[in-house]
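Please find below some remarks on the structure under review.

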Amino acid sequence: MDKEGFTTTPVDTVRRFYDALGRGDVAATSPPSYRSLIRRSNGPRRSASPYYSGTWHGPQAVLDNLLVPLSGDWDGFSVKAHEFIAEGNRVVSLGTYSGTFKKTGRSFSATFAHVWTVRGDKLARFDMHTDTAKVLEAVKG
């Protein structure tokens, strides 16, 4: 249940995260919105993405290593989830990243699949899968 006493589904919890990102409300994506979030990208090497492709433990690491750099590097960067598939406490969101890299002026759009694990009304784990080559094309110009 949320603080108003309403039942919160795992999809509701994940949607709140995307809604906060869409509003540019980074504070709402920080504690207590999630517990120990783990981010994994589809690439074992750092070179697979301009942002670290590995595992981050804790919300502050995600904020410092991903959300803050994204806001500084991109104009109009957006994360739009358009479909949610849920099974128990797992939610898969399908959507699109887009934006224009400030240094090159190049835009990109890439689909993503995010796999979330929700515990109670908290985001506990996050795995990302996307075409990082499209991001690199915009970054490298």
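1. In this predicted model, 12 aromatic pairs are present. One of them joins tryptophan 74 and phenylalanine 101: the ring centres lie 5.0 Å apart and the planes meet at 70°, so the pair is classed as edge-to-face, for which the angle must be over 60 degrees. Tryptophan 74 belongs to strand S3 and phenylalanine 101 to strand S4 (residues 90–101), so the contact ties together parts of the chain that are 27 residues apart in sequence. Both tryptophan 74 and phenylalanine 101 are buried.

2. One aromatic cluster is formed by Phe17, Tyr18, Trp74, Phe77, Phe84, Tyr97, Phe101, Phe108, Phe112, Trp116 and Phe126.

3. On the overall architecture, the protein contains 3 helices and 6 strands. Read from the N terminus, the order of the elements is α-β-β-α-β-β-β-β-α. Of its 141 residues, 41% count as buried.

4. Strands S3 and S4 are paired in the antiparallel sense, with 11 bridges between them. Within this pairing, aspartate 75 stands opposite threonine 100 of S4. The hairpin that S3 and S4 form has 2 residues between the strands, and glycine 88 adopts a positive phi near 60° there.

5. Strand S5 (residues 107–119) and strand S6 (residues 122–130) are antiparallel and share 8 bridges. Phenylalanine 112, a member of the aromatic cluster, has threonine 130 in S6 as its bridge partner. Here too the hairpin has 2 residues between the strands, and glycine 120 takes a positive phi near 65°.

6. Which residues of H2 are buried? They are Pro59, Ala61, Val62, Leu63, Leu66, Leu67 and Leu70. Leucine 66, which is found in this helix, has a relative accessible area of 13% and is therefore buried, the cut-off being under 20%. The C-alpha atom of leucine 66 is separated by 6.8 Å from that of tyrosine 51, although these residues are 15 residues apart along the chain.

7. The second largest pocket holds about 290 Å³ of space. Its lining comprises 15 residues, and those closest to the centre of the pocket are Leu21, Gly24, Ser71, Phe77 and Ser78. Among these residues, Phe77 also belongs to the aromatic cluster.

8. Which elements each supply at least two residues of the lining of the second largest pocket? They are helix H1 (10–23), helix H2 (59–73) and strand S3 (74–87). S3 gives the most, with 6 residues. By residue type, the lining of the second largest pocket divides into 8 nonpolar, 5 polar and 2 charged residues.

Methods
Residues are numbered from 1 along each chain as its sequence is written. This is a predicted model: local features need pLDDT of at least 70, side-chain atom pairs count only at pLDDT 80 or more; totals for chains, interfaces and linings use all residues. Side-chain values use heavy atoms; hydrogens and water are left out. On a 1 Å grid over the protein atoms alone, a cavity is a set of points where a 1.4 Å probe fits but cannot get out, and a pocket is an open set with protein on both sides within 12 Å along at least five of seven lines; lining residues have an atom within 4 Å of a point. Grid points are joined across faces, edges and corners, and a volume is the space filled by probe spheres set on the points. Helices (H or I, at least four residues) and strands (E, at least two) are DSSP runs, numbered from the N terminus. Ala, Val, Leu, Ile, Met, Phe, Trp, Tyr, Cys and Pro count as nonpolar, Asp, Glu, Lys and Arg as charged, and the others, Gly among them, as polar. Two strands pair if DSSP finds at least two bridges between them. Rings of Phe, Tyr and Trp (its six-membered ring) pair if their centres lie within 6.5 Å; planes under 30 degrees apart count as stacked, over 60 as edge-to-face and the rest as tilted. Buried means under 20% relative accessible area, exposed over 50%, partly exposed in between (1.4 Å probe, protein chains only).
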